[in-house]
Amino acid sequence: MKPGMFESIKDAFAVLGQAWKAIPEIVKLFRPGKPTLDRALGESQAEKELRAIEEQRAARKAK
Amino acid sequence: MVLVLTACSSSLQDSAVRTTNGLGLALEAADAVFAPVWAKALADANAAFPDDDGRFHQAVATQMQIYEALGIARDAQRWLHLAVQQWVAGDEGAMWKEVAPCAVAELRQAEPLFTAEQQAAFAVLIADLDAVAPGVCVSHP
């Protein structure tokens with residue numbers, strides 16, 4: 001995957017669209033019968049990255 | 001009559017559970033692809049502008065738009081998850097009735113971000129949720 005792939009929102013959601021298309025088939029393979037609800041989404045990796053940088057910048061300012 | 005209603009409700013619940021799980025997995029997949037690109041953009045901007053918040057945010061503005069769009073979609077999924085969880089648990093009380101319209105409102109806000117296929121799936125789900133718990137999202141509980 002090229003680094004510049006996420007240069008626009010459209011590109012990002014095109015990837016999301018591809019992932020979306022594949023998921024129902026994968027779910028069917030592994031979960032026949034009545035579905036059960038997955039765990040709720042936690043903090044995303046992107047959110048963790050931003051929090052880490054913000055904390056780093058705040059610590060630098062505090063010095 | 002009761003059996004028919006129970007069967008219909010169960011089918012709607014299964015559809016809601018599958019859609020909620022599918023959206024969750026899709027968002028996790030998108031995060032897994034986006035996060036390394038995002039981390040590099042943040043690190044580069046941080047190194048270039050360690051003490052200038054304005055220029056730092058300007059440098060990551062495009063990536064920030066994607067970050068925020070994914071955040072809106074994740075919020076919608078979280079509300080949807082809470083609503084479906086209440087529904088599956090058999091909560092016919094106030095909590096489910098309040099949460100379901102809020103999940104629908106969040107989904108509608110995120111809807112323009114989705115592809116045509118996703119929007120079609122959400123239209124079905126929103127209709128299901130509206131049928132089971134009609135109402136307006138007054139405030140998030």
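Me: How many residue pairs are in polar contact between chain A and chain B, counting those with both at pLDDT 80 or more?
Reply: The count is 16 residue pairs. The model is a predicted one.

Me: Which elements of chain A give two or more residues to the side that touches chain B?
Reply: They are α1 (9-30) and α2 (45-62) of chain A. The largest share, eleven residues, comes from α1(A).

Me: What makes up that side of chain A by class?
Reply: It has 19 nonpolar, eight polar and twelve charged residues.

Me: Why is the pair B:R78 and A:E47 called a salt bridge?
Reply: The closest N and O atoms of B:R78 and A:E47 are 3.8 Å apart. The cut-off is within 4 Å, for a side-chain nitrogen of Lys or Arg and a carboxyl oxygen of Asp or Glu. The pair therefore counts as a salt bridge. Between chain A and chain B the count is four salt bridges.

Me: How many residues does the contact take from each chain?
Reply: Chain A gives 39 residues and chain B gives 52 residues. The two chains bury about 3900 Å² between them, with 67% of it on carbon and sulfur atoms. In chain A, the residues that lose the most area to chain B are A:W20, A:L37 and A:L41, together 21% of what that side buries.

Me: What share of the 141 residues in chain B is buried?
Reply: Buried residues, those under 20% relative accessible area, make up 43% of the chain.

Key:
Residues are numbered from 1 along each chain as its sequence is written. Chains are lettered from A and ligands numbered from 1 in the order in which they are written. This is a predicted model: local features need pLDDT of at least 70, side-chain atom pairs count only at pLDDT 80 or more; totals for chains, interfaces and linings use all residues. Side-chain values use heavy atoms; hydrogens and water are left out. Buried means under 20% relative accessible area, exposed over 50%, partly exposed in between (1.4 Å probe, protein chains only). Contact means heavy atoms within 4.5 Å. Buried area is the accessible area (1.4 Å probe) that two parts lose on being put together, summed over both. A polar contact is a pair of N or O atoms within 3.5 Å; within protein, one must be able to donate a hydrogen and the other to accept it, and residues adjacent in sequence count only if both atoms are side-chain atoms. Helices (H or I, at least four residues) and strands (E, at least two) are DSSP runs, numbered from the N terminus. Ala, Val, Leu, Ile, Met, Phe, Trp, Tyr, Cys and Pro count as nonpolar, Asp, Glu, Lys and Arg as charged, and the others, Gly among them, as polar.
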